[in-house]
Amino acid sequence: MVKSTDIHLQFASYFPDESIWPFIYSLSKKIEEGNICLDIKDINLDNLPDALNTKKINYDALESSPLIGRKDNLNYPFILDHERLYLQRYYKYETIIVEKIKDIIKKDVNFISDKVEFLKSNIEHFLRSFQVNTEENNWQFVACVLAYIHQFFILTGGPGTGKTTTVATMIQWMLMENIELRIGLTAPTGKAAVRMAESLANAATKMSESLQLKIRELEPQTLHRLLGTQRDSIYFKYNSDNYLPYDVLIVDECSMVDTALFAKFISAIGPETKVVLLGDKNQLASVEAGSIFGDLCKIRPVNNYYSKTITDLFSIYFKQNIPISQNENSVLIDHITELEKSHRFNSEKGIGKLSKAVIENDVILLNTFMEIPKLENEVTIDLIYSKSIFESFIASYSEYIKEPSIFDALHKLESLRVLCAVRDGKYGTIAKNIEIRDYLIREGLLSRSTDNEFYENRPIIVTQNNYDLKLYNGDIGIIRHGKAWFPDNTLPEKIRSVNPALIASLDTVFAMTIHKSQGSEFAEVLIVLPMNDQRQLLTRELIYTGVTRAKEKVIVQSDPTIFLQSCALRVDRVSGMKDRI
């Protein structure tokens with residue numbers, strides 16, 4: 001093995017076949033960057049370390065290497081499929097996902113005719129659910145119908161586009177057909193799971209009391225809890241030999257789910273279980289390798305175009321003239337809908353206008369936002385990292401500190417947040433949390449005796465699941481009277497306390513990373529971007545995710561060049577999903 005501080009070089013040199021070290025080295029780097037495989041044609045000699053002594057890329061070495069397997073023989077550490085090189089386990093994960101999705105979709109034939117007949121027999125009721133008219137297509141209605149009649153369905157859309165309302169109505173339709181249906185709700189984090197429950201309950205307020213009660217009884221779980229984490233084991237309780245006991249499984253915030261976890265989840269799906277995936281394809285992908293949700297949403301050339309069978313169904317029975325897709329043979333053709341109209345943001349002003357400019361890399365509009373820092377009332381672009389703007393924003397933390405009711409204090413804490421792109425450095429969460437804490441001490445809002453880890457009014461975020469305490473990664477609370485207080489996720493309008501010393505892993509959360517903020521919403525957000533030394537971490541998906549956490553006001557503190565460069569860079573993780581499914 002080569003002695004080096006470069007872990008990718010160490011990994012490559014562990015294997016005896018030196019001829020393929022450049023490929024293993026490059027694959028290792030790709031995985032670290034979030035890809036699950038390497039396109040072997042993308043290897044650049046200039047990016048290889050001198051220690052590899054690579055004069056040219058020897059593609060023939062892959063064909064003859066005893067370390068490389070193929071799709072029909074996986075008993076090798078690496079798998080080459082066409083021009084993509086995988087670690088064996090990632091190839092297996094991707095294979096599990098591809099084959100399982102195809103298998104679920106094939107099961108449509110066992111259910112779809114009965115589902116369509118049920119829709120036809122209740123047509124007036126279903127049309128009223130979304131106030132459908134013949135003048136324009138109602139994509140929430142289209143999505144609801146497709147999710148109802150199919151065993152596998154993907155619904156993507158930005159914040160406020162109506163994903164939760166659509167799913168709540170779909171659940172209503174399913175319960176009308178079978179009130180005893182076993183429905184499971186899940187999300188990657190505890191925070192996202194709680195928000196899912198709250199959103200569904202709010203969306204169900206116009207339903208009958210019995211249906212509202214049924215929906216409130218649905219308890220969202222994290223994916224790990226759903227699958228059944230087992231103490232001292234890497235394996236889950238539910239798996240390909242022990243299916244999850246549900247008729248329907250709905251997964252929210254799917255963009256946060258990595259390839260390994262998604263493979264384990266979908267392996268545990270029974271042969272008659274419906275799966276509905278929700279998320280925003282433009283958000284950040286998972287921290288770990290893979291971007292399954294984004295990959296699935298990009299498989300079709302254009303979303304919201306459907307097969308003739310589906311377009312005829314909508315035209316004849318629902319008077320909706322949805323577009324027909326020509327010459328498309330994707331298995332997902334009738335299984336994805338994208339909601340584009342936001343009911344929260346106006347795409348022509350404020351936060352909606354900025355988020356659209358970011359995700360589309362509209363350089364002219366982005367420059368306009370920077371030239372006129374308060375172009376929109378909801379948006380401020382601060383190009384000089386103004387101390388007064390920062391302190392004016394964080395001064396609002398006084399609201400939760402001064403609030404005597406712990407329940408109300410928790411609610412007020414969630415009204416604003418500083419979001420950082422990184423954890424370390426001057427512009428990272430560690431430094432910003434200290435800066436905010438010290439400001440609040442100077443203002444007399446926090447005690448100067450903050451040497452105690454659990455000082456009064458410290459806002460905390462749980463960073464590791466603790467099933468015994470029923471605390472999950474992403475849960476946010478505050479320290480009061482020596483206890484850590486959190487919303488009670490099982491009892492609305494209630495709070496609960498735990499001994500903070502029992503929480504194995506937590507951080508202060510005046511500021512949090514944009515990654516950690518996924519699945520959360522705040523009335524006001526201040527985003528801090530780092531300078532040149534960390535700009536390689538910045539992408540338009542990161543900026544978009546941060547901006548769309550805000551409901552009423554967003555401030556972006558950034559160097560102008562960094563801001564534009566970030567919006568120009570798109571995450572494009574490598575996988576074989578598009579070709580394999």
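Two residue pairs are in polar contact between domain 2 and domain 3, both at pLDDT 80 or more. A polar contact is a pair of N or O atoms within 3.5 Å; within protein, one must be able to donate a hydrogen and the other to accept it, and residues adjacent in sequence count only if both atoms are side-chain atoms. The count of salt bridges between domain 2 and domain 3 is zero. For a salt bridge, a side-chain nitrogen of Lys or Arg must lie within 4 Å of a carboxyl oxygen of Asp or Glu.

This is a predicted model, where local features need pLDDT of at least 70, side-chain atom pairs count only at pLDDT 80 or more, and totals for chains, interfaces and linings use all residues. Residues are numbered from 1 along each chain as its sequence is written, and side-chain values use heavy atoms, with hydrogens and water left out.

**The domain 2 side of the contact**

Helix 9 (190–203) and helix 11 (223–227) each supply at least two residues of the domain 2 side that touches domain 3. Helix 9 gives the most to that side, with five residues. Helices (H or I, at least four residues) and strands (E, at least two) are DSSP runs, numbered from the N terminus. The residues on the domain 2 side divide into seven nonpolar, nine polar and seven charged. Here Ala, Val, Leu, Ile, Met, Phe, Trp, Tyr, Cys and Pro count as nonpolar, Asp, Glu, Lys and Arg as charged, and the others, Gly among them, as polar.

**Domains and buried area**

The domain assignment gives domain 1 (7–82), domain 2 (93–342) and domain 3 (350–568). Such bounds come from an automatic or database domain assignment. Domain 2 puts 23 residues into the contact and domain 3 puts in 24 residues; contact means heavy atoms within 4.5 Å. Taken over C-alpha atoms, the centres of domain 2 and domain 3 are 30 Å apart.

About 1,900 Å² is buried between domain 2 and domain 3, with carbon and sulfur atoms giving 53%. Buried area is the accessible area (1.4 Å probe) that two parts lose on being put together, summed over both. K191, N282 and L284 lose the most area in domain 2 to domain 3, together 34% of what that side buries.

**Sheets**

Two strands pair if DSSP finds at least two bridges between them. Four strands form an open sheet in the order 1-4-3-2, with mixed pairing. Strand 1 (37–39) and strand 2 (68–69) stand at the edges with a single partner strand each, so one side of each is left without a neighbour in the sheet.

Another open sheet has six strands in the order 7-6-8-9-5-10, with parallel pairing. Strand 7 (221–222) and strand 10 (336–339) are its edge strands, each pairing on one side only.

| Strand | Partner strand | Sense | Bridges |
|---|---|---|---|
| Strand 3 (residues 78–81) | Strand 4 (residues 84–87) | antiparallel | four |
| Strand 6 (residues 183–187) | Strand 8 (residues 248–251) | parallel | four |
| Strand 11 (residues 379–382) | Strand 20 (residues 550–557) | parallel | four |
| Strand 19 (residues 522–528) | Strand 20 | parallel | six |

D81 has R84 in strand 4 as its bridge partner. L185 has I250 in strand 8. In strand 20, V556 stands opposite I381, and Q557 is the bridge partner of V528.

**Salt bridges**

The whole structure holds 18 salt bridges. One of them joins E94 and R580, whose closest N and O atoms are 3.0 Å apart. This pair links distant parts of the chain: E94 is in helix 4 (residues 88–106) and R580 in helix 24 (residues 577–580), 486 residues apart.
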